[in-house]
Amino acid sequence: MNNMIQDMIDWIEEHLFEGFSLTKLSEAMGYSSYYCSFKFHQITGISLKRYMTLRKTYLSSIRLSETNERIIEIAIKHGYSSQEAFSRAFKEIFGVSPNAFRSCPEPLQTYVKLNMSEARGYYMDISKKLRIEDLQKHVDEHFDHEVLNILNGQMMFEEFSSQQLMGKSDYAPFNEAMCVHDTVETIFSESFKQVRSTGHQVSLAEYESITVAPLEKTLFSKKYQCIVLWFGEDMFCQMNLITILAYLEQISFEGTIYYNAVREQTYDVKETEITLGSYYDIYEAVLLDHRMPDVELMPVMYQGIKLYLELLQKDNEITKYIQAHQHLPHNEIVRNLLHLFPQYGLGDSQYFALIQATIK
């Protein structure tokens with residue numbers, strides 16, 4: 001069945017910018033239109049129409065940032081009937097208009113071509129795959145000391161710190177998963193630590209050892225001129241990023257902040273300087289009130305928040321997939337979810353918990 005879906009994906013990619021015809025797709029596949037549409041959604045967890053919209057719009061973002069073509073020309077080349085239709089689709093996905101994105105091409109979440117047979121790799125060989133030498137030079141030119149790199153997760157922290165990838169500056173991991181369980185207003189307060197440890201079902205001492213102790217040695221006890229945040233573009237990383245930025249506002253951090261958006265599919269990295277001012281409001285809106293904030297957002301953060309709010313709904317694309325495949329062994333469901341929904345950034349434990357909550 002995966003071979004058939006891959007054939008459909010390949011056909012769609014070849015005809016992505018043409019006027020799409022489900023009839024032509026079904027004729028090419030040798031199955032009915034209904035069967036093609038149903039099976040694509042069932043196996044991939046996304047509709048044909050949504051997949052095409054995400055792919056076309058993402059590819060158009062590359063043209064916006066890398067060329068001087070007129071927006072109307074990019075819209076037509078990417079299969080949109082008008083600039084207005086293109087702008088609506090672009091803003092719905094990325095939270096900004098094509099013109100605003102072109103003026104300031106901030107990080108956004110990628111939508112790569114689906115590959116139904118490719119195993120998803122998790123080891124991030126940063127020393128070989130991230131082009132970070134220029135970033136290190138840039139920081140070194142402006143800050144000769146008092147620089148802290150905060151890495152999303154233990155694996156990235158160990159890679160950076162063991163190989164001194166950003167020179168002899170300080171390194172600290174952010175070992176949290178803010179996209180699950182409750183939180184409180186004052187970040188890293190005693191009540192915060194208690195609520196978070198209870199949610200993760202670990203003792204307070206364990207939580208402090210894993211999450212708090214690495215930050216106590218650096219962020220909580222030293223004064224830095226510059227903080228560099230290394231976080232991915234998926235929803236998991238974006239909720240963590242929001243929390244760190246909100247905390248820096250909470251303590252009135254006055255130094256320079258860079259967000260280095262790590263793109264897992266290609267291991268590229270994009271640097272963006274962050275100006276504090278609205279991130280605690282974002283933290284409150286999203287992680288406490290569970291609503292879209294009323295402030296301007298980076299496209300990648302907008303996408304992460306949309307996914308987070310969708311995940312909070314009982315009937316979301318992941319629970320629908322679990323329900324449709326509940327006849328499969330749980331290990332197989334988890335493998336499929338990891339492969340099909342990388343934009344969420346969830347791990348095995350989060351998916352097993354979702355399966356337990358979904359399949360009664």
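User: Leaving out residues up to four places away in sequence, which residues does Ser 26 touch?

Analyst: Keep in mind that we're looking at a predicted model. With those neighbours not counted, Ser 26 touches Tyr 31, Ser 32, Ser 33 and Cys 36. Ser 26 itself is found in helix 2, residues 22-29.

User: Is Ser 26 buried or exposed?

Analyst: The way to read this is by relative accessible area: under 20% means buried. Ser 26 comes in at 6%, so it counts as buried.

User: How far apart are the C-alpha atoms of Leu 48 and Phe 231?

Analyst: They are separated by 30 Å, and along the chain the two residues are 183 apart.

User: How should I read the nonpolar core, and how many residues does the largest one have?

Analyst: The general idea is that in soluble globular proteins, nonpolar side chains tend to be buried together. Here, the largest nonpolar core has 103 residues. Those with the most contacts inside it are Phe 40, Met 239, Met 301, Ile 318, Leu 346 and Tyr 351. Helix 13, residues 235-250, gives the most to this core, with 11 residues. There's also a second, separate core of 16 residues, which includes Phe 143, Phe 157, Met 166 and Val 228.

User: Which residues is Met 301 in contact with, beyond its neighbours within four places in sequence?

Analyst: Those are Gln 238, Leu 241, Ile 242, Leu 245, Tyr 279 and Ile 282.

User: What about backbone angles: which phi does Gln 201 have?

Analyst: Look for a positive phi in a residue that is not a glycine. Gln 201 is such a case, with a phi of about 60°. Its place is in the loop between helix 11 (190-199) and helix 12 (204-216). At 74% relative accessibility, Gln 201 counts as exposed. His 290, also not a glycine, has a positive phi near 55°. That residue lies in the loop between helix 14 (279-288) and helix 15 (299-311), and His 290 is partly exposed at 39%.

User: Now the whole chain. Why does its radius of gyration agree with a compact globule?

Analyst: You compare the value with what the residue count leads you to expect. With 360 residues, a compact globule would have a radius of gyration near 21 Å, and the protein chain has 21 Å, so the two agree. Along the principal axes, the C-alpha atoms fill a box of roughly 65 × 55 × 40 Å. The chain has 18 helices and 5 strands, and buried residues make up 51% of its 360 residues.

Terms used. Residues numbered from 1 in each chain as written. Predicted model: local features only at pLDDT ≥ 70, side-chain atom pairs only at ≥ 80, totals over all residues. Heavy atoms only, no water. Core = buried A, V, L, I, M, F, W, Y, C linked by side-chain atoms within 4.5 Å. Buried < 20%, exposed > 50% of the residue type's maximum accessible area, 1.4 Å probe, protein only. Helix = DSSP H or I, 4+ residues; strand = E, 2+ residues; numbered from the N terminus. Contact = heavy atoms within 4.5 Å. Rg over C-alpha atoms; globule rule 2.2 N^0.38 Å.
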